[in-house]
Amino acid sequence: MRKLLLPGIVIIAGILITARLFYLQIIDDTFKLKSENISIKIKYDYPERGYIYDRNGELMVANQPSYDIMVIPRETKKMDTIEFCNLLNISKEEFIKKIDKAVVYSPMLPSVFLGQLNKLEYAAFQEKERKFEGFYIQKRSLRDYQLVAGANVFGFITQANEAMVKQNPYYRSGDLLGKQGVEETYEVELRGTKGVKHIQRNRFNQEIGPYKEGKYDTIAAQGKDITLTIDAELQKYGEALMKNKRGGIIAIEPSTGEILCLVTAPSYDPAILVGRQRSRNYTKLYNDSLAKPLYDRSLLAEYPPGSPFKILTALAGLQAQVIDTSSTFSCSHGFSYGRRFMRCHCGGGVRKLHMGIAKSCNAYFGNTYLRTLNKFENASIGVDFWSNHVKSFGLGQFMGYDLPTGRKGNIPTSKSYEKVYPKGSLKSTMVVSNSIGQGEVLMTPIQLANMMAIVANEGYYYTPHIIKKIKGQKIDAKFRTKHVTTIDKKYFKPVIEGLSEVFKTGTAYFLNVEGIEICGKTGTAENFARIGGKKVQLADHSIFVAFAPKVNPKIAIAVLVENGGYGSTTAGPITTLMVEKYIKKKITQKDREKRVLERNLQSEYNKFSKKFIDSMYKIKVRKDSILRVINTKKLDSIKKSKPTT
């Protein structure tokens, strides 16, 4: 038996090897295709990207033809480089640099030599293309924007670099792909699938037709059209209202979680990131470190939410049953806690929940917060109770929306204070500023808008999302999943009544819109910046949150204007204009609109710029002085050590 074992193994191995060789050489032609790759030229057919529409069917992003000059270094022959460079308006140094780059990528594979030619450049090169062997024109499509808005929503198209090619084998050097916004999130759907043609060549390197009669060729599949939840008119209007201001506007449809507008300011015309000047324009935007037009404040900026956060303080207090609608607190233009005093601008007096919300009374919500925390054995347990309820509103965590960027904000827990207040030394009075949206609390504008959508829905929400429809495909089921907060539904009704009172006798009584019952909350958040190592107080941020109408709400909105001052004076008018624009499809508050459009906060931002530049100058002067002292000491040391003759 042992004598037969070894020969048996050899015979079986031989049969397996023979079978594999038969499969590779006779049945499977792909190995042969690879081995004959030198005599086969691969051409790619790039499909059009899918179009992008708004919720009402308005075309927002289409395509326009683009032409790239490709090069295969191995196939280039001796040619008139001066004529070539003059034809494309490039220098000889640029020519050499681009050829070297192509060789590094691959001597045998095509790569982009010069991308995104305009029609005149394309026509001029096409006429003389035969004179430049190894170069050919690859047709692609670039984006054609139908509105001068929504740059942060769309994102932009860029060329795949070596790192991207290594990460995803679908892409070749020079292929176009989406970056940021929906272009990145829905890249696979929008790009489609490129077609591949295998062209056979003879020994003279001439194309003689498709390899194997096109057996391995594939047809390009056009990208899928997508419909966004964005209202194009509302988006354009929001960006117009935020001109010469910094901040963000987010509007959400409460019943679905659909994002109606996503405004960040300052922004830019998306068309400037199309064409040959894209790289230069992007660099200019990127280097603007003060205005930060590429920074999406609506998703990324984390701010103290200020008074709108009092809504959650009230709901947590009601859920903890430490207050009810008849609970009262006295306000003496603020209230004392421990050895400190929290100021209030509500006018003072005895406040119940209803007017506490309407007048934005710090004393009412500070006391509510203290009662909530003090209900428990210690403040740490109380903080966690409060934190868990607040986090059920999607705060302090990524929200799961379908955009590639975002921040969590911050909702503190007992662990947040362990280093500062160790061994159970935390007291409720030490963190009372959380009650009014200051302290350690941070929220993004989209979180503020979603908070109002939850209040409008009396306790539930759908994950905010920007996709409404993909042609021939269902959207992610998570956007149709209801999330319920830990606050009982019955506690939302008295809070909503208080938010409605804000527009009747409260802090926004002068911001009514005829025919629309709005529920909202003003906010003014203190604003500090660290300049030159020092904490400097700047003009307050202006905040306003709202939903409308009160019954069967159609829109929930948050507006934040950096350094805008009181919530009712800057963010408030913008909010009511946006609400009227969406619900009525027209504006009746013409004077209010005029004031907002003319409001320019650039002088306020220049103050920060000046302080920042002055601090940098002082640091530089101090650094130069230190260096001079060091250099002087070094020189003295050298002189002393030098031997005398």
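Modeller: A word on classes to begin: Ala, Val, Leu, Ile, Met, Phe, Trp, Tyr, Cys and Pro count as nonpolar, Asp, Glu, Lys and Arg as charged, and the others, Gly among them, as polar. This is a predicted model, in which local features need pLDDT of at least 70 and side-chain atom pairs count only at pLDDT 80 or more, while totals for chains, interfaces and linings use all residues. Residues are numbered from 1 along each chain as its sequence is written, and side-chain values use heavy atoms, leaving out hydrogens and water.

Biologist: OK, cavities then. How many of 30 Å³ or more does the structure hold?

Modeller: There are 2 cavities of that kind, a cavity being a set of points, on a 1 Å grid over the protein atoms alone, where a 1.4 Å probe fits but cannot get out. Points are joined across faces, edges and corners, and a volume is the space filled by probe spheres set on them.

Biologist: What volume does the largest cavity have, and which residues line it?

Modeller: Its volume is about 170 Å³, and its lining, meaning residues with an atom within 4 Å of a point, includes Tyr 46, Arg 49, Arg 140, Tyr 170, Tyr 171, Asp 175, Arg 191 and Lys 194. By class, the lining of the largest cavity divides into 5 nonpolar, 1 polar and 5 charged residues.

Biologist: And what lines the second largest cavity?

Modeller: That cavity has a volume of about 30 Å³, and it is lined by Gln 116, Leu 142, Arg 143, Ile 157, Leu 273, Val 274, Gly 275 and Arg 278, which divide into 4 nonpolar, 2 polar and 2 charged.

Biologist: Switching to pockets: what is the volume of the second largest pocket?

Modeller: It comes to about 1,200 Å³, where a pocket is an open set of points with protein on both sides within 12 Å along at least five of seven lines. Of the 39 residues in its lining, Lys 98, Val 112, Leu 114, Gly 115 and Gln 159 are the closest to its centre.

Biologist: Which element gives the most to that lining?

Modeller: Strand β4 does, with 7 residues; the elements giving two or more residues to the lining of this pocket are β3 (59–71), α4 (92–105), β4 (111–117), α5, β6 (156–159) and α11 (278–286). Helices (H or I, at least four residues) and strands (E, at least two) are DSSP runs numbered from the N terminus. The lining of the second largest pocket holds 14 nonpolar, 15 polar and 10 charged residues.

Biologist: What about aromatics, how many pairs are there?

Modeller: The count is 25 aromatic pairs, a pair being Phe, Tyr or Trp rings (for Trp, the six-membered ring) with centres within 6.5 Å, stacked if the planes are under 30 degrees apart, edge-to-face if over 60 and tilted for the rest. One of them is Phe 84 with Phe 125, which is edge-to-face because the ring centres are 5.9 Å apart and the planes stand at 85 degrees. This pair links distant parts of the chain, with Phe 84 in helix α3 (residues 81–88) and Phe 125 in helix α5 (residues 119–128), 41 residues apart.

Biologist: Is Phe 84 buried or exposed?

Modeller: Phe 84 is buried at 0% relative accessibility, buried meaning under 20% relative accessible area, exposed over 50% and partly exposed in between (1.4 Å probe, protein chains only). Phe 125 is likewise buried, at 0%.

Biologist: What about Lys 423, what is its phi?

Modeller: Lys 423 has a positive phi of about 55 degrees although it is not a glycine, and it is exposed, with a relative accessible area of 89%. Asn 563, not a glycine either, has a positive phi of about 55 degrees, but Asn 563 counts as buried at 12% relative accessibility. Lys 423 is placed in the loop between α16 and α17, and Asn 563 in the loop between β22 and α19 (571–584).
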